[in-house]
Amino acid sequence: MIEKSRDHISVIQARKWLRKILVNRDSYEPLDWSQVIRVNYPPYKYIISHKFIHKNAQGIKERCAITMYLDNSGKVINFHKWEQHDV
């Protein structure tokens, strides 16, 4: 049960972090969240992926997939992003 709540906290923190870094937050359209994957590869403790659509700084719609790497407390400490323009 404790692990489930940690997973939930990780997703909440990842979502907040993502919303904070997006240029056009109002254009954010979530598509899919992966399950939280627990890893033991310091400094990473959790990995989570997310697919979404949003408008970039030029107002062009993008389909994105982002993989976020989180520490033991669920804080995003690294990420990798893939973008496809003109969705």
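The questions and answers below go through the strands, a salt bridge and the core of this predicted model.

Q: How many bridges join strand E3 to strand E4?
A: Strand E3 covers residues 44-55 and strand E4 covers residues 61-70, and the two run antiparallel. They form a hairpin with 5 residues between them, and in this turn Gly59 has a positive phi of about 80°. The number of bridges that join E3 to E4 is 10.

Q: Which residue in E5 is the bridge partner of Thr67?
A: Strand E5, made of residues 76-85, is joined to E4 by 9 bridges, and these two strands run antiparallel. E4 and E5 form a hairpin with 5 residues between them, where Gly74 in the turn has a positive phi of about 90°. Within E5, the bridge partner of Thr67 is His80.

Q: Which residue forms a salt bridge with Glu29?
A: Side chains of opposite charge can pair when their charged atoms come close. The structure holds 1 salt bridge, and it links distant parts of the chain, with Glu29 in strand E1 (residues 29-33) and its partner in strand E4, 32 residues apart. The closest N and O atoms of the pair are 3.4 Å apart, and the partner of Glu29 is Lys61.

Q: Is His54 buried or exposed?
A: His54 has its place in strand E3. Not counting residues up to four places away in sequence, His54 touches a set of residues that includes Leu22, Tyr28, Ile60, Cys64 and Lys81. Buried means under 20% relative accessible area, and because the relative accessibility of His54 is 4%, this residue counts as buried.

Q: How many residues does the largest nonpolar core have?
A: The elements that give two or more residues to this core are helix H1 (2-21), E3 and E4. The residues with the most contacts inside the core are Leu18, Ile48, Phe52 and Met68. For Leu18, leaving aside its neighbours within four places in sequence, the residues in contact are Tyr28, His50, Phe52 and Ile66. The number of residues in the largest nonpolar core is 15.

Definitions and conventions. Residues numbered from 1 in each chain as written. Predicted model: local features only at pLDDT ≥ 70, side-chain atom pairs only at ≥ 80, totals over all residues. Heavy atoms only, no water. Pairing = 2+ DSSP bridges. Helix = DSSP H or I, 4+ residues; strand = E, 2+ residues; numbered from the N terminus. Salt bridge = Lys/Arg side-chain N within 4 Å of Asp/Glu carboxyl O. Core = buried A, V, L, I, M, F, W, Y, C linked by side-chain atoms within 4.5 Å. Buried < 20%, exposed > 50% of the residue type's maximum accessible area, 1.4 Å probe, protein only. Contact = heavy atoms within 4.5 Å.
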